[in-house]
Amino acid sequence: MFHVQRPRREENMTTKRRRARSDAGALARLGIAAGFLTAAERAFACGCSKTHMHHLERGAFLPGLDLVSRMGLAYGATPAQVETAARRDIAARIKRGAKP
């Protein structure tokens, strides 16, 4: 079974935790609700890079099935909730006029 660990400070994490943004997308809000305030913490918990997490959270593309399941485990959500949140972020990006 996949075990979720919090990032350690030795792994290039800053010692000061930033406050979560109030205008975060649906996928980021799901991770923030699980206690992962920064994108780096969310990426580490899900087993992907910070850049990949950034692209997912801004709606650049949908996560793959393996990442959806890891995000669900890390965030305490179902894969359907994770996918719905990702689709909301993509819809918001299209609505803003950005390319999907």
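Q: Which residues of α2 meet which residues of α4?
A: In this predicted model, Arg42, Ala45 and Cys46 of α2 are in contact with Leu67, Arg70, Met71, Ala74 and Tyr75 of α4, where contact means heavy atoms within 4.5 Å. Residues are numbered from 1 along each chain as its sequence is written, and side-chain values use heavy atoms, with hydrogens and water left out. Local features need pLDDT of at least 70 and side-chain atom pairs count only at pLDDT 80 or more, whereas totals for chains, interfaces and linings use all residues.

Q: At what angle do α2 and α4 pack?
A: Helix α2, residues 39–46, and helix α4, residues 65–75, pack at an angle of about 115 degrees, with their axes 8 Å apart (axes are lines fitted to C-alpha atoms over the stretch in contact, and angles run from 0 to 180 degrees between N-to-C directions). The two helices are therefore roughly perpendicular to each other, since angles under 35 degrees count as roughly parallel, over 145 as roughly antiparallel, 65 to 115 as roughly perpendicular and the rest as oblique.

Q: What about α1 and α5, how do they pack?
A: Helix α1, residues 26–33, and helix α5, residues 79–95, pack at about 140 degrees, with their axes 7 Å apart, which means that α1 is oblique to α5. On the α1 side the contact is made by Ala26, Leu27 and Leu30, and on the α5 side by Gln81, Val82, Ala85, Ala86, Arg88 and Asp89. Those residues divide into six nonpolar, one polar and two charged.

Q: Changing topic, which residues touch the most other members in the largest nonpolar core?
A: That core has 18 residues, and Leu27, Cys46, Met53, Leu67, Met71, Tyr75 and Val82 touch the most other members (a core is a set of buried Ala, Val, Leu, Ile, Met, Phe, Trp, Tyr and Cys residues joined through side-chain atoms within 4.5 Å, and buried means under 20% relative accessible area with a 1.4 Å probe, protein chains only).

Q: Which element gives the most to this core?
A: Helix α4 gives the most, with five residues, while α1, α2, α3 (50–57), α4 and α5 are the elements that give two or more.

Q: Last one: how many helices and strands are there?
A: The protein chain has five helices and zero strands (DSSP runs, H or I of at least four residues for helices and E of at least two for strands, numbered from the N terminus), and buried residues make up 35% of its 100 residues.

How values were computed:
Ala, Val, Leu, Ile, Met, Phe, Trp, Tyr, Cys and Pro count as nonpolar, Asp, Glu, Lys and Arg as charged, and the others, Gly among them, as polar. Buried means under 20% relative accessible area, exposed over 50%, partly exposed in between (1.4 Å probe, protein chains only).
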